[in-house]
Amino acid sequence: MPAQQAGTRAAALFAARLTFEGVERRYGDFFALHHVDLDIAAGEVVCLLGPSGCGKTTLLRIASGIEKPSGGRVLINDREVAGPNAFVPPERRSVGLMFQDFALFPHLTILQNVAFGLKRMPLEEARREALAVLTRVGLQKLAEQYPHTLSGGQQQRVALARAIVPRPSVMMMDEPFSGLDVQLRDEMQEETLALLRETRATSLIVTHHPEEAMRLGDRIAVLRAGRVVQFDKAETLYDHPRDLLVARMFSEINEVTYKVLDGSIETPLGRLAAPKGMNSGELAVVCIRERGVEVSASGQGLPGRVLHVRFLGDIDLLEIGVQGFEAPLRVRTPHYAKWMKGAEVGIEVDPARLLVFPAVNEGSA
Ligand code: ATP
C-alpha cells in the first residue's frame, strides 16, 4: 500500500515555504537528481514538468519524506526536514500526498477512506471532518459507498478530499489528472486548483503536460535528466525559453538550421545574431512560431504559396512554401481568414519573436 498523507491533523493550517537546497539522489553511480535548488513560496502552486524518468517523482518522495536525499537539504519554513542535520519523518512534516491512481482503499467506504487521514483524531470528530470535506467536493451522498462504485472523476475527488482533510501545509500530487478523460480533466483541474487556493496549501504537482502545467502552476520547474533546467512563470517559459527543448515544450515551432558565420546567421528573414559563445561553422536553430507568422495577400513580406490547409477548429494549420526556405513553414491562422490551397501569399515574421538556439544533439536530448 503506498504511503498516505500525514496521520495527524495540523492544529491550524500554516502556510509553508518549501526549499530544496542542492538536493541529490543517487542510486549507485546513477544520479536521479543532480543538485536541485528550488525555493517555493508559502501558498504557491508549482508544477514539476518533464519527460519520463527525469526525477519528478523522486523529488516529491524526497519532499514528503518517503525517501531520503543522498545530498543537500530540504527545508519547510526554513526548518531542515531532510539533510545532514535532521530527518523529519513524513507524518511530522504536515504534507499531503495524492497519487496518479488515487490509491483508494477498496475495502473502506468513501467516508472511511477520507477519515483515514485523521487516524489520530477521535472517531466521531474524524467522521465529521471527513464528511465536511466530502461535502465540499460534492460527494456527501456517496459517503457510505465503496470506491469501485464511483466514476473516475468521483474517485479523484475522494482522493483529493483524503489528502486535504488533515489540512497539510504542503500538498504533493503525482500526475493527479492523468487517469481522467480530457473533458473531465479540465473540470477537475479547475476544481482542484480552487480547493488548493482555498486551503492555502503550498503545492507541488507533477505533470507530463505543458498545457496542464501552464494552467495550474504559478511557476513551473522544467526538469531534464535529474536537473532543473528552468524555473519560471509560464509567460517567461513561453517568451524566453532557456533552450530549444524548453521552447519545443511550450509552443509549436518551425525549426530551421543554419551555420553560424562570424557571430551571426543569414536567413531569408534577415541577419540574426547567433547565441552568445557560438563559433563560426557551428549549427544554430532558428525557431519560427507557428502562431507568429503574419499571412497576407501577396505583395507584403516574403512571397509564398499555400500548399496545404488543415482545419483544426478555430484555427487552420497551413503549410506554406516560402521563398528562401527549403521546407514548407507550418503556420497557424484563424479559421475565418479562410486561406485556400494554392493561394499566393506574403509572409512576415516579427524578428523580435524569433528564437535562436544552438542545435541539440538529438541523441543526447
Ligand atoms: P515518470 O514520469 O515516468 O513517473 P519521473 O520523472 O517521475 O518519471 P522518477 O520516478 O523520479 O522519474 O525516476 C528518476 C530516475 O531514477 C529514473 O531513471 C528511475 O529509473 C530512477 N530510479 C527511481 N527509483 C529508483 C530506485 N529505487 N533504484 C534505482 N533507480 C531508481
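A polar contact, as I use the term in this notebook, is a pair of N or O atoms within 3.5 Å. I keep in mind throughout that the model is predicted.

**Ligand.** I looked up the ligand with that cut-off in hand, and I found that a polar side-chain atom of K56 lies 2.8 Å from an oxygen atom of the ligand, which means that the pair counts as a polar contact. For T58, I noted a polar side-chain atom 2.5 Å from a ligand oxygen, whereas at G55 it is a polar backbone atom that lies 3.0 Å from an oxygen atom of the ligand.

**Sheet.** I traced an open sheet of 4 strands, whose order is β2-β1-β4-β5 and whose pairing is antiparallel. I asked myself why one side of β2 and of β5 is left without a neighbour in the sheet; the reason is that β2 (30-40) and β5 (79-82) stand at the edges, so each has a single partner strand. From one strand to the next, I read an average twist of 30°. I followed β4 (residues 71-76) along its antiparallel pairing with β5, which runs over 3 bridges, and I saw that L75 stands opposite E80 of β5.

**Cores.** I turned to the largest nonpolar core, which has 47 residues, and I noted M98, L134, M171 and I220 as those with the most contacts inside it. Helix α4 (residues 152-164) gives the most to this core, namely 6 residues. Apart from it I found another core, of 31 residues, including F20, V81, L97 and L204.

Definitions and conventions
Residues are numbered from 1 along each chain as its sequence is written. This is a predicted model: local features need pLDDT of at least 70, side-chain atom pairs count only at pLDDT 80 or more; totals for chains, interfaces and linings use all residues. Side-chain values use heavy atoms; hydrogens and water are left out. Two strands pair if DSSP finds at least two bridges between them. Helices (H or I, at least four residues) and strands (E, at least two) are DSSP runs, numbered from the N terminus. Axes are lines fitted to C-alpha atoms, for helices over the stretch in contact, and angles run from 0 to 180 degrees between N-to-C directions. A nonpolar core is a set of buried Ala, Val, Leu, Ile, Met, Phe, Trp, Tyr and Cys residues joined through side-chain atoms within 4.5 Å. Buried means under 20% relative accessible area, exposed over 50%, partly exposed in between (1.4 Å probe, protein chains only). A polar contact is a pair of N or O atoms within 3.5 Å; within protein, one must be able to donate a hydrogen and the other to accept it, and residues adjacent in sequence count only if both atoms are side-chain atoms.
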